[in-house]
Amino acid sequence: MIRVLHVASFSGNIGDCANHLGLRSQLEKIGDFEYTDLEIRHSYQNYIGPCRWEWDQSFVDRCNQYDMVIIGGGNYFEPRWETPNGTTAGINSDDLAKIKVPVVFFGVGFDCYKGVNPSSIRRFSRFIGRASRMKHVLMSCRNDGSLKQLKEQLPIADLPIQVVPDGGFFCSTEMQSGTFHQLMEGKKYWAVNVSCDLINLGLSGIAENLAKRLTQSDHYVLFIPHITSDLRAISQILD
C-alpha cells in the first residue's frame with residue numbers, strides 16, 4: 001500500500017473532482033494507493049478558518065510521514081500572489097528540498113489571464129528553475145498551453161516539465177452520479193466548459209465557431225458548468 005498525501009482542492013468545483021477521480025483511476029492500474037486529502041484552499045491568503053495550514057516546516061514534516069506527495073491538479077501556478085514562490089501552491093524551494101519522499105506536481109495549470117505580478121514572476125522563476133530539477137520532484141502541466149505560457153513568461157530555457165492531460169479525461173460516468181446518463185446513445189458530443197472570469201477572451205468567437213461546426217456535422221454540444229456563475233457565460237454564448 002502506497003500512502004499518498006494529496007494536496008488539492010476537494011471543495012472547489014466539478015472539474016476538480018473529475019480531475020482527482022480520473023487521476024486515481026489511472027494510479028489504481030499500477031498499484032494500491034491510500035489517500036489523505038489536504039485541502040489547498042485552507043492555505044490560501046483569504047482563508048482564516050480553523051483548518052488553516054501553511055507551506056512551512058510543519059508541511060514538510062507532514063509530507064515526510066507519507067510515501068508520496070501529489071500536488072494538483074488545479075490552476076495553482078498563477079504568478080500573482082504574495083507567497084514564497086508567487087503562486088497558490090506556495091512552498092519555497094528550500095522547504096521542497098527537505099521533503100524526502102517523491103513529490104509530483106500533477107497537471108498544474110499556469111496562466112496569466114487574471115494578471116501578473118512582476119515580483120511574483122521573479123519568485124516563481126527562481127522556484128521553478130530549482131524545483132523542476134530536483135531528483136525527487138516531477139513537474140507536469142495539464143496542457144500545452146500552460147507550458148507555452150511558462151516558456152513565454154519565464155527567462156528559463158528547456159524546463160524539465162512534462163505535459164499531461166487533465167485527469168478529468170479519465171473520469172468515467174460510473175464515477176459520477178446519474179447526471180451524464182441522459183446523453184443519447186450513439187451520438188457524438190463536444191463537451192464545452194466556459195467561465196465568467198474568462199469572458200474577455202471572446203465568447204462571441206466561441207459561439208460563431210460552434211454554430212459553424214454544428215451546421216457541418218452531426219455533433220451535439222454539451223455545456224458543462226463548473227460553478228453556478230458559469231451558467232451566465234453559457235447563456236451569453238446561447239444568446
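This is a predicted model: local features need pLDDT of at least 70, side-chain atom pairs count only at pLDDT 80 or more; totals for chains, interfaces and linings use all residues.
Now, the overall build. Along the principal axes, the C-alpha atoms fill a box of roughly 55 × 45 × 40 Å. How does the radius of gyration fit a compact globule? For 239 residues, such a globule would have a value near 18 Å, and the protein has 19 Å, so the two agree. Inside, you will find seven helices and eight strands. Of the 239 residues, 44% count as buried. And if you take contacts between residues at least 6 apart in sequence, 77% of them join residues at least 24 apart.

The largest nonpolar core has 40 residues, and the ones with the most contacts inside it are Val-7, Phe-59, Leu-96 and Phe-105. Who supplies this core? At least two residues each come from strands S1 (2-8), S3 (68-74), S4 (103-108) and S5 (137-141), and likewise from helices H2 (57-63), H4 (118-131) and H5 (144-153). Helix H4 gives the most, with five residues. Apart from this core lies another one, of 10 residues, and among them are Val-4, Tyr-35, Met-68 and Ile-70.

Back to Phe-105 for a moment. Setting aside neighbours within four places in sequence, which residues is Phe-105 in contact with? The list is Ile-71, Phe-77, Leu-96, Phe-127, Val-137, Leu-138, Met-139 and Ser-140.

My last stop is Phe-106, which lies in strand S4. Is Phe-106 buried or exposed? Its relative accessible area is 12%, and the cut-off for buried is under 20%, so Phe-106 counts as buried. Again leaving out neighbours within four places in sequence, the contacts of Phe-106 include Asn-19, Leu-23, Ile-70 and Ile-71, along with Gly-72, Gly-73 and Ser-140. Val-164, Pro-165 and Gly-167 are in contact with Phe-106 too. One more pair to find on your screens: Phe-106 and Gln-162 are 56 residues apart along the chain, yet their C-alpha atoms are separated by 9.3 Å.

Notes
Residues are numbered from 1 along each chain as its sequence is written. Side-chain values use heavy atoms; hydrogens and water are left out. A nonpolar core is a set of buried Ala, Val, Leu, Ile, Met, Phe, Trp, Tyr and Cys residues joined through side-chain atoms within 4.5 Å. Buried means under 20% relative accessible area, exposed over 50%, partly exposed in between (1.4 Å probe, protein chains only). Helices (H or I, at least four residues) and strands (E, at least two) are DSSP runs, numbered from the N terminus. Contact means heavy atoms within 4.5 Å. The radius of gyration is taken over C-alpha atoms; the globule rule is 2.2 Å times the number of residues to the power 0.38.
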